[in-house]
Amino acid sequence: MSAHRRIVLIAIVGALVISTSAPLVRLSGVSPATSALFRCAYAIPPMLVLAWLERRRLGPMPRRALLYAWPVGVVFALDLLFWHHAIDYVGAGLATVLGNLQVFIVAFAAWALFRERPSTRLMVATPVVFGGVVLISGVFDSAAYGSDPVMGVLAGIATSVSYAAFLLLMKGGSDRAAGPLAHATVVAAISIAVLSPLFGGADFTPSWPAHAWLLLLALGPQVLGWSLISFSLPRQPAALTALLLLIQPMTTVALSAVALGERPSTLQLAGCVVIVLGVLYGSRRPPQPALAGAVEHDEQVPKTSTV
C-alpha cells in the first residue's frame, strides 16, 4: 500500500470514530456547553501523554506548530459550542450533516491560502448543496424533525465556518499530531469555560451516567478520532480531507436513527442526500490528461481525487 493510500485510510478511520460524537452528546443528556466542556477536559490527560511520547520520539514541538495550536483551540471551542447547540435544535444526524458544509468553505479558502484551486464542479455544486440546507431547515416542511430546525441550520452553518478555520489552521501548522492537538484541546477547554455563559451555561458537576457518556466521548472521538485526523491533515490537500470527513455525517445519520430513534422528515432526508451528492460531485476533479509523450506516474493523480 502506498504512503498516500495509508494516509487516506487513517483519515477514513478517524472520520468513522468521530461519527459517534453527536450520538454520545445526545446520550449524555447534558446542556450543549456542558458536553463541549467535558469532552475537552476529559481528553486533556491522555492527550498530554500522547504529546509527551511524541516529544520523546521527535524532540520539542516547533515554534510554528505551537503558535498555530492556540488559535486552533479557540476556533475548535467555537466549533463545539455551535455544533452541540445544533444537535440540541435539530438532532444528532442532521446537525452533523449541517456541520460538514465546511467542504466548500475549506475549498475556496484553500484556493486563497494554499493555491489549491477549486474545480468548476465545486462552484456549480455550491448552490445545489445550499438548496439541501434549505430543505433541512424545514422552511417548507410542517413535519420537520427537531425542536427548532431553523436555529439548527444557523448553528450548523456557524459550526461549518468554525470547522473550516480549524481544518485550515491545522493544515498550516506542522506535520505533528499529538503535540498541537494537546495544546489545542487545553485552549479549547479554557475557551469553552469562559464562553459558556454566552451559550446557555455549563454545569461543572454533571451526575452519572452523564459522566460515563462524556468520558467515552472524550476518549473515543476526541482523543482517538481527532488524533488520527490531525495526523492525516498536514499530509493531504485540504479539500480531500474535508471530502473524507463526509463519511462522518452519513454514518452519524445511520447511528442516530438506530440508537436514538431520530426520524427526520422526507424533505430533510432529501436535503441530506442533496448535500452529500453535491459535495461528492463538487469535490471531485475529472482526470487530467497526461502530457503527450510523458510517462504516467502516481504523482499525476489530481490532488483532490478520491481513493
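Helix α7 (residues 102-114) is a handy way into this predicted model: Gln102, Val103, Phe104, Val106, Ala107 and Ala110 of α7 are buried. Just after α7, Arg115 takes a positive phi of about 60°. That is worth a second look, because most residues other than glycine have a negative phi.

Now for the overall picture. The chain has 14 helices and zero strands, so the pattern read along the sequence is simply α-α-α-α-α-α-α-α-α-α-α-α-α-α. Of its 307 residues, 52% count as buried. Take the contacts between residues at least 6 apart in sequence, and 89% of them join residues at least 24 apart.

**Helix α10 and its partners**

What does α10 pack against? Its buried residues pack against α3 (32-41), α4, α5 (63-90) and α11 (210-232). The list of buried positions in α10 runs to Ala178, Gly179, Pro180, Leu181, Ala182, Ala184, Thr185, Val187, Ala188, Ala189, Ser191 and Ile192. As for its length, the 18 residues of α10 should span 26 Å at 1.5 Å a residue, and the end C-alpha atoms are 25 Å apart, which agrees.

| Helix pair | Packing angle | Axis separation |
|---|---|---|
| α4 (residues 44-58) and α10 (residues 178-195) | about 150° | 8 Å |
| α3 and α10 | about 155° | 8 Å |

Start with α4 and α10, which pack at an angle of about 150°. That makes α4 roughly antiparallel to α10, because angles over 145 degrees count that way. The crossing of α4 past α10 is left-handed. On the α4 side, the contact is made by Ile44, Met47, Leu48, Leu50, Ala51 and Glu54, and these meet Ala178, Gly179, Pro180, Leu181, Ala182, Thr185, Val186 and Ala189 of α10. Sorted by class, this contact has eleven nonpolar, two polar and one charged residues.

Then there's α3, packed against α10 at about 155°. This again makes α3 roughly antiparallel to α10, and their crossing is left-handed. Here α3 brings Ala33, Ala36, Leu37, Cys40 and Ala41, while α10 brings Thr185, Ala188, Ala189, Ile192 and Ala193. The α3 contact with α10 divides into nine nonpolar residues, one polar and no charged.

Leaving aside neighbours within four places in sequence, Ser191 is in contact with Val74 and Ala77.

Ala177 lies in the loop between α9 (149-172) and α10. With a relative accessible area of 10%, Ala177 is buried too. Beyond its neighbours within four places in sequence, Ala177 is in contact with Glu54, Ser227, Ser230 and Phe231. Glu54 also turned up among the α4 residues that make the contact with α10. Ala177 and Ser232 are 55 residues apart in sequence, yet their C-alpha atoms are 8.2 Å apart in space.

Which residues does the cis peptide bond join? Trp208 and Pro209, with omega at about 5°. Pro209 is found in the loop between α10 and α11. The bond deserves a mention because most peptide bonds are trans.

Methods: Residues are numbered from 1 along each chain as its sequence is written. This is a predicted model: local features need pLDDT of at least 70, side-chain atom pairs count only at pLDDT 80 or more; totals for chains, interfaces and linings use all residues. Side-chain values use heavy atoms; hydrogens and water are left out. Axes are lines fitted to C-alpha atoms, for helices over the stretch in contact, and angles run from 0 to 180 degrees between N-to-C directions. Helices (H or I, at least four residues) and strands (E, at least two) are DSSP runs, numbered from the N terminus. Angles under 35 degrees count as roughly parallel, over 145 as roughly antiparallel, 65 to 115 as roughly perpendicular and the rest as oblique. A crossing is left-handed if the near helix is turned anticlockwise from the far one by less than a right angle, and right-handed if clockwise. Contact means heavy atoms within 4.5 Å. Ala, Val, Leu, Ile, Met, Phe, Trp, Tyr, Cys and Pro count as nonpolar, Asp, Glu, Lys and Arg as charged, and the others, Gly among them, as polar. The expected span of a helix is 1.5 Å times one less than its number of residues. Buried means under 20% relative accessible area, exposed over 50%, partly exposed in between (1.4 Å probe, protein chains only).
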